[in-house]
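Could you walk me through this protein model, topic by topic, in plain words?

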Amino acid sequence: INRRIALGRLSEIVGIVGLVTDRFLRTLGFGLTAQTHFDRLSPLFKESLEAYTLGINAFAQSSISRLPIEFSILGIEYEPWTPQQSLAFALFMNWQMSMGWNMEVSRSALIDLVGDHFAELELEYPEINPSVIPIPYEYNLLDTEGRYKRSESPYLNTKMKGSNAWSISGVLTQTKKPILCNDPHLPLSTPSIWQQVHLIVPDSFNVIGVSFIGAPGILIGHNEHIAWGFTLSFVDQEDLVLEQLDARNIQYKFKDQWKPLVIRQEIIHIKGEPDYIENVTSTHHGPLVHDFFGLTKPTAYRSISLEFNDFHSVIDVLECKNWDEFSRAVMEFPFPLNVAYADVNGNIGYWLTGRIPIREKGNGKLPVPGWTGEYEWIGEIPKGKLPHGLNPEAGYYISANNRITEDCGFFLGDNFVSGYRSARIVQILETKKKSGQKFSMVELAAIQMDIVSLAAIEFVALMRELELEISEKLTPEAKEAFSELIGFNGTMSVSSSGASLYSISKYFILRGIFDPIIGENFTNLLLGYGVHPLLSPESEFLSYDIVTLLRILKNPDSWWLNQSGGRIEAITRGFELGVSWLRTTLGPSVQGWSWGKIHRVAFPHLLGEEHPLDRIFSVGPFPFGGDQDTPHLAGFNPVNPYDVSGWSTHYRQCIDLSDFSQSRWIHGPGQSGQLGSPHYDDLVDDWLKGNLNPMLWTDRQIDDNIEGVFTLEK
């Protein structure tokens with residue numbers, strides 16, 4: 001499935017329902033890029049792709065191979081894998097991690113609708129929440145002999161505010177060595193997008209971690225010397241460019257010239273239907289995509305991820321032995337990531353990776369006119385100038401998709417997640433530091449499952465301040481529920497009715513303010529619904545709903561509140577609607593309104609979209625704690641509240657640099673994609689409870705737990 005999605009070939013197996021996805025992905029052209037640029041790859045990565053492909057095909061053709069039942073249900077046969085298909089999938093995953101265009105569409109639509117009143121709704125990072133890199137940060141530079149030396153940032157000289165990422169120094173641990181914890185957030189699915197792998201190449205490397213199914217290498221894990229992990233950086237690598245076409249739609253204007261549009265045909269085969277021909281039209285900025293998103297003006301999509309990218313650094317990092325080697329490797333990472341680092345020598349570090357454009361003019365917030373030539377990309381931020389650091393004074397780096405730094409001399413973007421998750425992690429670490437006690441592996445792993453929402457605590461505090469005014473206007477039934485809300489401690493547990501009341505209050509108050517003014521569809525955009533249900537179901541607005549609500553409620557002069565009848569009226573109206581919904585959905589008892597009844601998580605399967613196949617192939621749903629502002633990420637889509645949608649903590653690892661054999665990991669739902677296998681969903685129970693399994697490392701550990709051996713030979 002991964003390769004079919006990347007290549008835009010879903011319609012061949014699922015029929016017409018896959019056409020929109022195929023049309024868009026053919027327009028982006030990952031398959032074409034992989035075919036035409038394969039020979040440009042570095043020899044190492046090309047060799048890795050070819051070896052990976054040989055292994056897949058050898059197993060598929062082996063005597064013990066049994067194709068999954070999905071092949072029979074869909075009526076398809078196994079198609080031999082090619083190296084170019086793995087490259088296309090890597091390009092596709094790089095695109096999935098890229099940010100920018102979705103917010104441009106949403107922001108532009110809202111500004112067109114409400115004009116200057118959008119200022120109250122703009123993403124505004126809360127100043128109380130931390131950045132990944134403090135200012136001034138320790139800025140590592142290559143000296144003339146190729147070694148790294150520590151120096152202060154040449155750009156920054158303001159007061160230090162803090163430090164964040166996912167690596168913890170041995171100064172703070174019981175083992176006196178670093179512990180690196182990581183739980184990247186990617187879409188939950190059955191089968192998992194991750195595969196747990198222990199990869200040994202004699203005289204080269206010994207690495208354990210997880211890889212993307214469909215691409216070689218190990219993205220997250222450790223070798224014999226270092227450990228690493230990542231979170232998405234949310235840097236802005238994309239622009240939407242308005243184009244001026246001629247009357248015949250065969251040329252576009254750039255500066256004072258008319259240039260020919262590049263047009264290619266993509267033939268899409270559809271199961272049970274005639275072929276569909278997609279005419280892909282491009283300018284030098286990128287393919288025209290306006291038809292996919294209902295935009296009225298010709299719009300090109302420019303993204304670093306649509307350019308040729310080599311992924312040799314994913315293989316290079318497997319052999320790294322220290323910070324210097326690691327830095328050289330990750331500087332070449334094409335993925336836009338916050339990369340956490342730790343090594344057996346006691347060092348911890350951080351790198352921002354990826355290619356980030358330098359714009360001649362503008363900041364990528366809104367679509368720009370392409371015909372003027374004023375908004376061109378004039379280069380990329382030099383790799384060595386991207387924020388990074390080693391052994392911070394605080395003793396830790398934390399990254400939770402929050403703001404990277406207040407300034408690094410270049411524009412990185414401003415669509416970072418709101419920072420409540422990182423603030424909670426800092427709170428836990430600093431509380432422990434002040435006590436003088438050291439962290440154990442168990443305690444650091446528990447942070448990954450922490451379900452305290454600082455955003456909820458801030459909201460409840462405001463409700464307590466306004467308690468008398470609000471209570472006067474509530475019905476008796478709503479007063480009882482409001483008493484439960486103001487007693488809520490911010491812990492988003494499955495058994496908490498306070499968690500339900502906080503979530504429905506936030507949701508219905510926001511709906512009550514915005515729906516009457518801008519309508520349901522535009523409110524959806526503001527609450528984080530993406531510009532397309534399949535291609536981009538969520539946007540960066542998703543983590544800012546509470547930020548926007550608190551900003552409006554704390555502003556007595558808010559235009560939006562004035563349109564809603566004032567602050568108390570907006571709160572009471574929304575709260576009573578939410579309480580009515582809970583009574584209808586869960587019954588009259590406030591104590592029965594537990595969060596886990598309306599907030600569940602599942603691992604959906606492609607064939608599970610239709611009943612009853614969902615009961616056969618998909619795994620779940622299960623009651624689930626947390627929300628989008630807790631370290632244990634579990635947000636919901638505003639169009640489909642309140643079940644977890646999209647991204648969550650699919651994989652978790654905690655690596656002990658004092659003894660790798662004590663490291664632990666988990667991913668859900670299981671290692672096998674074969675329905676009926678005992679390993680199809682056998683990890684779900686531990687995953688839900690937050691249990692981590694041993695990350696088997698030594699020969700003895702492996703021998704004591706081995707289930708079987710399978711040998712592939714040329």
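- The peptide bond leading from P641 to Y642 is cis, with omega near 10°.
- Another cis bond, from G620 to P621, also has omega near 10°, and P621 belongs to strand β27 (residues 619–623).
- This is a predicted model, so local features need pLDDT of at least 70 and side-chain atom pairs count only at pLDDT 80 or more, while totals for chains, interfaces and linings use all residues. Residues are numbered from 1 along each chain as its sequence is written, and side-chain values use heavy atoms, with hydrogens and water left out.
- F234 isn't a glycine, yet it has a positive phi of about 60°; look for F234 in the loop between β9 and β10.
- F234 counts as buried because its relative accessibility is 12% (buried is under 20% relative accessible area, exposed over 50%, partly exposed in between, using a 1.4 Å probe and protein chains only).
- N401, not a glycine either, has a positive phi of about 65°, and its place is the loop between β23 (396–397) and α11 (420–435).

**The sheet and its helix**
- Seven strands make an open sheet in the order β6-β7-β8-β9-β17-β18-β22, with antiparallel pairing (two strands pair if DSSP finds at least two bridges between them).
- β6 (194–201) and β22 (388–390) are at the edges with a single partner strand each, so one side of each has no neighbour in the sheet.
- On average, neighbouring strands of this sheet are turned by 15° against each other, direction ignored (axes are lines fitted to C-alpha atoms, for helices over the stretch in contact, and angles run from 0 to 180 degrees between N-to-C directions).
- Helix α10 packs on the sheet and touches β9, β17 (337–343), β18 (348–352) and β22 (contact means heavy atoms within 4.5 Å).
- In α10 (residues 323–330), the residues W323, F326, S327, A329 and V330 are buried.
- Seen down the axis of α10, these buried residues fall within an arc of 165°, so they line one face of the helix (the arc is that of the directions from the helix axis to the C-beta atoms).

**Nonpolar cores**
- The largest nonpolar core has 93 residues, and those with the most contacts inside it are L87, W95, W194, F212, V317, F326 and L412 (such a core is a set of buried Ala, Val, Leu, Ile, Met, Phe, Trp, Tyr and Cys residues joined through side-chain atoms within 4.5 Å).
- Helix α7 (residues 83–96) gives the largest share of this core, eight residues.
- Apart from it lies another core, of 61 residues, among them I470, F488, Y507 and F514.

**Two buried residues to look up**
- E238 is found in strand β10 (residues 238–242) and is buried, with a relative accessible area of 0%.
- The side chains of E238 and S303 are joined by a polar contact of 3.0 Å (a pair of N or O atoms within 3.5 Å; within protein, one must be able to donate a hydrogen and the other to accept it, and residues adjacent in sequence count only if both atoms are side-chain atoms).
- T53, in helix α5 (residues 43–60), counts as buried at 6% relative accessibility.
- A polar atom of the T53 side chain lies 2.8 Å from the backbone oxygen of L49.

Methods:
Helix = DSSP H or I, 4+ residues; strand = E, 2+ residues; numbered from the N terminus.
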